[in-house]
Amino acid sequence: MTSTAPGAARVPPELFASFCDDAAVFPPGEMPLADAVPAHLRHVAAAHAPLVGPLVVPRARLSELAALTAGYGPGTLDLAVTVPSPEEAARAPASVRALPAARLRFLEVAVPEDVPAAEVVPRLTAALAEAPDHARVTVYVEVPRDERRAELIASLATSPYLAKFRTGGVRAELYPDERELARSVLLAVRAKVPFKATAGLHHAVRNTDPRTLFEQHGHLNLLAATGAALDGADEEDIVAILAERDAATVAGLVGALSPEVRKTFRSFGTCSLTGPVSELAALDLLGPDLTKDLL
């Protein structure tokens with residue numbers, strides 16, 4: 001990375017509150033759940049705890065948590081649970097209820113390829129009606145990267161559900177390019193649909209992975225792009241921000257943001273919480289109290 005942005009440490013701490021969801025059990029990290037739980041609890045007890053979101057776990061693996069959390073007190077572990085379809089969303093609250101140490105804070109719902117955009121919200125609403133205690137849970141719907149995208153985002157605008165954008169993965173084709181991601185951001189901002197991002201945001205700033213050669217988005221680029229979209233920037237401006245590789249430039253854009261931007265870009269999943277926190281600190285975007293246990 002290049003030099004830091006002078007004075008950026010004055011950014012309000014709310015700008016990064018619960019910014020980093022702990023997706024340690026997902027690729028490419030794939031940390032064993034038995035290790036991920038205590039590691040997560042160390043993070044939420046550390047100085048950088050204000051940046052840490054929930055532990056993200058697939059519903060299919062919740063049964064593994066029973067033994068792993070048996071000795072913990074009630075509500076020790078905040079969870080975001082991923083499910084493969086709207087219908088599966090109904091089963092997640094009961095599955096988490098069986099884990100006294102866990103609290104279900106978020107549901108992340110995938111959309112199968114054969115589900116039309118117009119059916120997603122009605123099917124999800126019908127499924128969640130069977131889980132009356134879901135009202136305290138924030139629900140994200142993963143927006144497919146196909147022709148359903150615009151229609152689904154428009155339908156989310158008239159629902160209680162938020163959007164989730166996939167920004168990478170274990171293959172190069174799973175990474176949307178700058179223009180595709182810019183259009184997703186603009187659709188969400190113009191429809192007033194908050195969103196989170198998942199996968200591939202391994203670094204703060206746009207980069208080329210030296211091992212895989214994948215072109216990877218930066219989570220700070222995405223945050224700055226969201227702020228610009230909220231301020232009325234057009235597609236070309238958003239594309240340019242997402243493509244920016246100079247760390248000082250990106251940090252400067254982020255340092256000028258209002259914390260209000262986080263009402264739109266809620267969080268991103270990371271398989272390594274230490275990495276994002278360390279990079280934010282290196283860019284002088286965090287106060288020393290938040291990073292004294294890392295640096």
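Mentor: Start with a rule for angles. Axes are lines fitted to C-alpha atoms, for helices over the stretch in contact, and angles run from 0 to 180 degrees between N-to-C directions. Keep in mind that this is a predicted model.

Now apply the rule to helix H1. H1 lies across strand S1 (20-22), strand S2 (52-58) and strand S3 (77-83). Its direction is at about 165° to S2. H1 covers residues 33-44, and His43 is one of them. The cut-off for buried is under 20% relative accessible area. His43 has 14% relative accessibility, so His43 counts as buried. Leaving aside residues up to four places away in sequence, His43 touches His48, Ala49, Val52, Leu273 and Thr274.

Next, the barrel itself. Strands of a sheet pair through backbone hydrogen bonds, either parallel or antiparallel. Here eight strands form a closed barrel with parallel pairing. Their order is S1-S2-S3-S4-S5-S6-S7-S10. From one strand to the next, the twist averages 30°.

Look at S3 and S4. They run parallel, joined by seven bridges. Leu79 has Leu104 in S4 as its bridge partner. S4 is mostly covered, with six of its eight residues buried.

Move on to S7 and S10. Strand S10 takes in residues 265-270. It pairs with S7 in the parallel sense, over two bridges. Ala197 has Phe268 in S10 as its bridge partner. Helix H7 packs on the sheet here, touching S7 and S10. The direction of H7 makes about 170° with that of S10.

Helix H6 comes next. H6 has 14 residues, 178-191. At 1.5 Å a residue, H6 should span 20 Å, and its end C-alpha atoms are 20 Å apart, which agrees. At the start of H6, Asp177 reaches in: one of its side-chain oxygens comes to within 3.2 Å of the backbone nitrogen of Arg179. Just after H6, Lys192 takes a positive phi of about 60°. The buried residues of H6 are Glu178, Leu181, Ala182, Ser184, Val185, Leu186, Ala188 and Val189. These buried residues pack against two strands, S6 (162-166) and S7 (195-198). They also pack against helix H5 (149-156), helix H7 (219-230) and helix H8 (235-243).

Finish with the rings. The structure holds seven aromatic pairs. One of them joins Phe16 and Phe19, with 5.7 Å centre to centre and 50° between the planes, a tilted pair. Phe16 and Phe19 are both buried. Another pair is Phe106 with Tyr140: the ring centres are 6.1 Å apart and the planes sit at 35°, so this pair is tilted. Phe106 lies in strand S4 (residues 102-109) and Tyr140 in strand S5 (residues 138-142), so the pair ties together parts that are 34 residues apart in sequence. Phe106 and Tyr140 are buried too. Ring pairs also build a cluster from Phe16, Phe19, Phe165, Phe195, Phe265 and Phe268.

Notes: Residues numbered from 1 in each chain as written. Predicted model: local features only at pLDDT ≥ 70, side-chain atom pairs only at ≥ 80, totals over all residues. Heavy atoms only, no water. Phe/Tyr/Trp six-rings, centres within 6.5 Å; stacked < 30°, edge-to-face > 60°. Buried < 20%, exposed > 50% of the residue type's maximum accessible area, 1.4 Å probe, protein only. Helix = DSSP H or I, 4+ residues; strand = E, 2+ residues; numbered from the N terminus. Contact = heavy atoms within 4.5 Å. Expected span 1.5 Å × (residues − 1). Polar contact = N/O pair within 3.5 Å; in protein donor to acceptor, adjacent residues only side chain to side chain. Pairing = 2+ DSSP bridges.
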